[in-house]
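Trainee: I would like to go through this model with you. Could we begin with the charged pairs and then work outwards to the fold?

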Amino acid sequence: MADTFISRTLDLTTGDREAVYDLTADCAAFLGEVARGRSGLLNIFTPHATAGLAVIETGAGSDEDLLAALHSLLPADDRWRHRHGSPGHGRDHVLPAIVPPHATLPVIDGVLELGTWQSVTLVDTNRDNPRRQVRLSFLAG
């Protein structure tokens, strides 16, 4: 039963601009390696105080719309008490309350069960930290 729970960390370089990074192919590759046709759950977690995970459509403008909505909700200005880093960085520390740092998704017969237009994404608004980790964990049912 040692392969009932398998976990791996992705190391990502996100750059110096806000972005939504598609992790769907990474999740599928991980499951192709470890699930071996089994059903269970994929947990995705990012251990950062300034990033989150979202299941959204990408490539058709929704990722840019998400960043625009976050700018409206969490403006990068001087209203934040948390003030180190680039201007408005305090809002990056509020982001995980809106875009959580975790997601748990169903895996059926070794395949991640997403809707037609859904993608698994890392949402990173923190321009001060270009190095990120995302942990993928498969729990077989």
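Trainee: Aspartate 124 and arginine 132: buried or exposed?
Mentor: In this predicted model, both aspartate 124 and arginine 132 are buried. The two form a salt bridge, with 3.0 Å between the closest N and O atoms.

Trainee: How many salt bridges are there by this rule?
Mentor: The count is seven. One of them joins arginine 8 to glutamate 33, where the closest N and O atoms are 2.9 Å apart. Arginine 8 belongs to strand 1 and glutamate 33 to helix 1, so this pair ties together parts that are 25 residues apart in sequence.

Trainee: And how accessible is arginine 8?
Mentor: Arginine 8 has a relative accessible area of 32%, and is therefore partly exposed. Glutamate 33 also counts as partly exposed, at 49%.

Trainee: Which side chain meets arginine 91 in a salt bridge?
Mentor: That of glutamate 18, at 2.0 Å from N to O. The pair links distant parts of the chain, 73 residues apart: arginine 91 is in helix 3, and glutamate 18 is in the loop between strand 1 and strand 2 (19–22).

Trainee: Why does arginine 91 count as buried?
Mentor: Because its relative accessibility is 2%, and buried means under 20%. Glutamate 18 counts as buried too, at 15%.

Trainee: What separation is there between the C-alpha atoms of arginine 79 and arginine 91?
Mentor: They are separated by 8.8 Å, the two residues being twelve apart along the chain. Arginine 79 sits in the loop between helix 2 (62–73) and helix 3 (90–98). With a relative accessibility of 53%, arginine 79 counts as exposed, whereas arginine 91 counts as buried.

Trainee: Which residues are linked with Asp3 in a network of salt bridges?
Mentor: Arg36 and Arg38. Arginine 36 lies in the loop between helix 1 and strand 3, just after helix 1.

Trainee: Where is aspartate 109 found, and what is its phi?
Mentor: Aspartate 109 is in the loop between strand 5 and strand 6. Its phi is near 50 degrees, again a positive value in a residue other than glycine. Aspartate 109 counts as exposed, at 55% relative accessibility.

Trainee: Changing topic to helix 1: which of its residues are buried?
Mentor: Helix 1 covers residues 24–34, and its buried residues are Thr24, Cys27, Phe30, Leu31 and Val34. They cover an arc of only 130 degrees around the axis, which puts them on the same side of helix 1.

Trainee: What does the face turned away from the buried side carry?
Mentor: That face of helix 1 carries the exposed residues Ala25 and Gly32.

Trainee: How many bridges join strand 3 to strand 8?
Mentor: Six, and these strands run antiparallel; strand 8 covers residues 131–140. Strand 3 (residues 40–45) also pairs with strand 5 (residues 102–108), in the antiparallel sense and over six bridges.

Trainee: Which residues are the bridge partners of isoleucine 44?
Mentor: In strand 5 the partner of isoleucine 44 is alanine 103, and in strand 8 it is leucine 136.

Trainee: What makes the nonpolar surface patch?
Mentor: Phe5, Leu41 and Leu139 make a patch of about 280 Å². Leucine 41 has its place in strand 3, and it counts as partly exposed, at 40% relative accessibility.

Trainee: Finally, the whole chain. How many helices and strands are there?
Mentor: The chain has three helices and eight strands. From the N terminus on, the elements run β-β-α-β-β-α-α-β-β-β-β. The radius of gyration is 16 Å, close to the 14 Å that the globule rule gives for 141 residues, so the chain is as compact as a globular protein of that length.

Trainee: What are the spans along the principal axes?
Mentor: The C-alpha trace spans about 50 × 30 × 20 Å along them. Of the 141 residues in the chain, 43% are buried.

Technical notes: Residues are numbered from 1 along each chain as its sequence is written. This is a predicted model: local features need pLDDT of at least 70, side-chain atom pairs count only at pLDDT 80 or more; totals for chains, interfaces and linings use all residues. Side-chain values use heavy atoms; hydrogens and water are left out. Buried means under 20% relative accessible area, exposed over 50%, partly exposed in between (1.4 Å probe, protein chains only). Helices (H or I, at least four residues) and strands (E, at least two) are DSSP runs, numbered from the N terminus. The arc is that of the directions from the helix axis to the C-beta atoms. Two strands pair if DSSP finds at least two bridges between them. Patches are made of residues with over 30% relative accessible area and no salt bridge: like charges are joined within 9 Å, nonpolar side chains (Val, Leu, Ile, Met, Phe, Trp, Tyr) within 5 Å. Accessible areas come from the Shrake-Rupley method with a 1.4 Å probe; for residues, only the protein chains shown count as cover. A salt bridge is a side-chain nitrogen of Lys or Arg within 4 Å of a carboxyl oxygen of Asp or Glu. The radius of gyration is taken over C-alpha atoms; the globule rule is 2.2 Å times the number of residues to the power 0.38.
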